[in-house]
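Here is a short briefing for a reader meeting this structure for the first time. Please look over the sequence and the model before reading on.

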Amino acid sequence: MHLLEYLTWYLGKNWLCKTKYDAIDKDTPIPTDRQIEVDIPRCHQYDELLSSPEGHAKFRRVLKAWVVSHPDLVYWQGLDSLCAPFLYLNFNNEALAYACMSAFIPKYLYNFFLKDNSHVIQEYLTVFSQMIAFHDPELSNHLNEIGFIPDLYAIPWFLTMFTHVFPLHKIFHLWDTLLLGNSSFPFCIGVAILQQLRDRLLANGFNECILLFSDLPEIDIERCVRESINLFRWTPKSATYRQYAQPPRQASESNSTRSSMSCFSVDYQEAPRGDLSRDSIKLDDLKAEVSPRISAEDLIDLCELTGPSHSKTPIKKTKSSKPKLLVVDIRNSEDFNRGHISGSINVPFASAFTAEGDLIQCPATATLQSFKGRVVVIVGNAVKNTAAFAAHLVKSKYPRVCILDGGINKIKPTGLLTVPSPQI
């Protein structure tokens, strides 16, 4: 099976051998025993293997081994659901089931099982909210207006990586793709699920949405996988940056794995940090922004700008395809003319919108409208203004809107700003 083969490869030389697994004390009573005993008889019990007495005993041992060997973490309800796919696929090899689970959690659920995981969960849900706004602003607007926030429905999705939501046969299909992606891929799965329910969500209010998610309708998992991949490809790497995600690997570890990993599976936070990388911000500040931030390095890459750092006029890579994005510079025209990103348009924030929040018509906003559907990056001096401008566009149902982290000041040192030729 593809999933099992991938997991075995992923673990490589680090997978826990039977001798080490056997050495973990799985018999001495611990405080979580009672909760484990309560959870196991409710976990994927439609399956003949997992519902058997032997299955329950194996469940108990693997879960207890994980709890005992991770003293800095705790058992949260849902860990049993997360364990189920690994136990099912390695039913006759508990050590490998345990090793797979132990490798999976740090990659996709880093620090989710801390005793106090509120800061990790809240950051995760905030980034997810931004992903909904980025990919489907109309749906995001509606869900925010009725107060149906991810805290009310998405915690079981991400805490169990969807194993609490879907039966095993759907999980295997979903995880075949998930395991090839990086730790941000679950956000795309979440958005894909919402989009399958889109019409019903848009047509209903808060109470109806609560009822809808209390008994989730049938989800076409093949469509979910296909659309998740498409959403992932449209998402700039740094847009899903999380301060509390897995920290960067050591250089030696990163070099040893990167050659065998695709860019699809490499995490943004695994890359070395630099002056053009995204900066961490307070959770309250992150929550105040509807649209995600992207790093200066992402912007430079997506704009396809090259050239020496001292160059006043950057060289644009020659490609026949349409531009991947539009940079909207919201500074005043004087600042814009002193230096701006090649190809960007100037829509000064102070005169961009009517009192009702609609874009004022002008040549620049006409260009912006022509780019609707492609990535739009808002650049300015003041964070408050760029966030507000992006929020206005989301309210106007512009998809794929993001903010340049650090504003124009992040780009200035690169020498990639261009100055208009003087008019003679």
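This is a predicted model: local features need pLDDT of at least 70, side-chain atom pairs count only at pLDDT 80 or more; totals for chains, interfaces and linings use all residues.

Residues are numbered from 1 along each chain as its sequence is written, and side-chain values use heavy atoms, with hydrogens and water left out.

**The whole chain**

- The protein chain has 21 helices and nine strands. Helices (H or I, at least four residues) and strands (E, at least two) are DSSP runs, numbered from the N terminus.
- The protein chain has 424 residues, and 53% of them count as buried. Buried means under 20% relative accessible area, exposed means over 50%, and partly exposed lies in between (1.4 Å probe, protein chains only).
- Among contacts with a separation of 6 or more, 75% join residues 24 or more positions apart. A contact means heavy atoms within 4.5 Å.
- The accessible surface of the protein chain is about 19800 Å². Carbon and sulfur atoms hold 54% of that surface. The areas come from the Shrake-Rupley method with a 1.4 Å probe; for residues, only the protein chains shown count as cover.

- T365 lies in helix 19, which covers residues 363-370. T365 has a relative accessible area of 1%, so it is buried.
- Leaving out residues up to four places away in sequence, T365 touches V347, L359 and I360.
- I378 belongs to strand 7, residues 375-379. I378 counts as buried because its relative accessibility is 0%.
- I378 touches V328, I330, T386, F389, A390, L393, V401, C402, I403 and L404, again not counting residues up to four places away in sequence.
- One of these partners is L404. The C-alpha atoms of I378 and L404 are 6.1 Å apart, although the two residues are 26 residues apart along the chain.

**Salt bridges**

- The whole structure contains 18 salt bridges. A salt bridge is a side-chain nitrogen of Lys or Arg within 4 Å of a carboxyl oxygen of Asp or Glu.
- D33 and K64 form a salt bridge through their side chains, at 3.1 Å from N to O. D33 is in helix 3 (residues 33-39) and K64 in helix 4 (residues 53-69), so the pair ties together parts 31 residues apart in sequence.
- K64 is buried, because its relative accessible area is 5%.
- R198 forms a salt bridge with D136, and their closest N and O atoms are 2.6 Å apart. The pair links distant parts of the chain, 62 residues apart: R198 is in helix 12 (residues 198-203), and D136 is in the loop between helix 7 (118-135) and helix 8 (137-145).
- R198 is partly exposed at 22% relative accessibility, whereas D136 is buried at 6%.
- R198 also meets E138 in a salt bridge, at 3.0 Å from N to O. R198 lies in helix 12 and E138 in helix 8, so this pair ties together parts 60 residues apart in sequence.
- E138 has a relative accessible area of 30%, so it is partly exposed.
- Elsewhere, salt bridges with shared partners join D279, E289, R293, D405 and K410 into one network.
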